[in-house]
Amino acid sequence: MSIVNEENRSLEAKYRITSRLYDVLDYPWERQYREWRPRLLSDVRGAVIEVGVGTGRNLPHYHPDAEVTGIDLSKGMLKRATRRSRSAVCTFHPVHEDATVMASVPTSHFDWLVSTFLCCVMPDHLQPAAIEQFARVLKPGGRFRLLEMVYSKDPALRRRQRFFAPFVQMVYGARFDRDTLSHIEQSPQLHVTETHYLKADTYLVIDGLCRK
Ligand SMILES: C[S@@+](CC[C@H](N)C(=O)[O-])C[C@H]1O[C@@H](n2cnc3c(N)ncnc32)[C@H](O)[C@@H]1O
């Protein structure tokens with residue numbers, strides 16, 4: 001796989017280091033996320049593509065009827081996901097692939113597209129290209145579910161997020177101010193059916209389907 005974009009090349013380089021420590025660094029947050037992951041995936045079945053699969057934190061929570069293709073920019077993250085998939089009941093196919101290109105991913109193939117904490121990492125100007133790929137690889141009527149962190153409107157919570165923002169950007173390349181929901185709303189093929197928050201107004205779930 002060749003990475004066409006300079007920012008994705010530097011993200012891949014970042015994750016070469018981050019992947020070694022990811023599960024340790026993320027542990028304080030993962031204690032909360034691991035309560036959410038089974039609920040997020042409870043109705044996900046069939047051919048599934050998980051974009052930005054990372055170290056495979058979602059994998060143990062998929063139903064046995066899910067056949068999961070997990071794509072990621074980082075080989076280090078994919079290696080860890082493959083290891084974690086051994087304790088999963090779903091089938092897992094790791095693919096080294098850029099979400100904005102997805103050259104090796106077939107068209108209209110997937111029943112579900114899942115992504116957790118990918119778009120908060122992805123620069124806003126690259127998101128329309130990734131969203132176009134999401135629409136391409138989903139079957140007509142295929143569903144998607146994204147989980148992203150966003151800035152709270154509550155001043156106290158926002159102050160706390162601002163405190164962590166430099167760390168989160170340095171280690172993960174993630175930001176709280178990405179505009180993912182509006183990028184999806186501008187897609188001619190992806191339709192948002194529901195949004196809700198998992199905690200306060202900071203962890204946003206975006207649900208939808210593909211009409212084409
Ligand atoms: C913050 S981690 C989230 C990992 C995992 N989804 C989770 O919930 O723990 C973001 C992941 O997205 C991957 N990523 C970022 N940009 C990507 C892109 N353009 N294509 C594929 N993967 C990407 C990173 O390599 C990293 O593994």
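Author: The following dialogue sets values from this structure against the definitions of the terms. This is a predicted model, in which local features need pLDDT of at least 70 and side-chain atom pairs count only at pLDDT 80 or more, while totals for chains, interfaces and linings use all residues. Residues are numbered from 1 along each chain as its sequence is written, and side-chain values use heavy atoms, with hydrogens and water left out.

Reader: How do you know how many disulfides there are?

Author: A disulfide is a pair of cysteine sulfur atoms within 2.5 Å. By this rule the count is zero. Cys-119 takes part in no disulfide, since the nearest cysteine sulfur, that of Cys-120, lies 7.6 Å away. Seen from Cys-120, the closest cysteine sulfur is that of Cys-119, and 7.6 Å is too far for a bond.

Reader: What makes Cys-119 count as buried or exposed?

Author: The term rests on relative accessible area: buried means under 20%, exposed over 50%, and partly exposed in between (1.4 Å probe, protein chains only). Cys-119 has 1% relative accessibility and therefore counts as buried. Cys-120, at 3%, likewise counts as buried.

Reader: Where is Asn-5 found, and what is it in contact with?

Author: Asn-5 belongs to the segment before α1. Helices (H or I, at least four residues) and strands (E, at least two) are DSSP runs, numbered from the N terminus. Its relative accessible area is 17%, so Asn-5 is buried. Contact means heavy atoms within 4.5 Å. When neighbours within four places in sequence are left aside, Asn-5 is in contact with His-125 and Leu-126.

Reader: Why is α1 called roughly parallel to α3?

Author: Axes are lines fitted to C-alpha atoms, for helices over the stretch in contact, and angles run from 0 to 180 degrees between N-to-C directions. The axes of helix α1 (residues 6–25) and helix α3 (residues 75–84) come within 8 Å and cross at roughly 30°. This angle makes α1 roughly parallel to α3: angles under 35 degrees count as roughly parallel, over 145 as roughly antiparallel, 65 to 115 as roughly perpendicular and the rest as oblique.

Reader: Which residues make the contact?

Author: From α1 come Tyr-15, Ser-19, Arg-20, Tyr-22 and Asp-23, and from α3 come Gly-76, Met-77, Arg-80 and Arg-84. The residues of the contact of α1 with α3 comprise three nonpolar, two polar and four charged. Here Ala, Val, Leu, Ile, Met, Phe, Trp, Tyr, Cys and Pro count as nonpolar, Asp, Glu, Lys and Arg as charged, and the others, Gly among them, as polar.

Reader: What makes β3 and β6 edge strands?

Author: Two strands pair if DSSP finds at least two bridges between them. Seven strands form an open sheet of mixed pairing, in the order β3-β2-β1-β4-β5-β7-β6. β3 (91–96) and β6 (190–197) each have a single partner strand, so one side of each is left without a neighbour in the sheet. On average, neighbouring strands of this sheet are turned by 20° against each other, direction ignored.

Reader: How do you know that β2 and β3 pair?

Author: Strand β2 (residues 66–72) is joined to β3 by six bridges in the parallel sense. Within them, Val-68 stands opposite Phe-92 in β3.

Reader: In what sense do β6 and β7 pair?

Author: They pair in the antiparallel sense over seven bridges. His-191, for example, stands opposite Leu-209 in β7. The two strands form a hairpin with five residues between them. β7 also runs antiparallel to β5, to which it is joined by seven bridges; Leu-204 in β7 is the bridge partner of Glu-148. Seven of the eight residues of β7 are buried.
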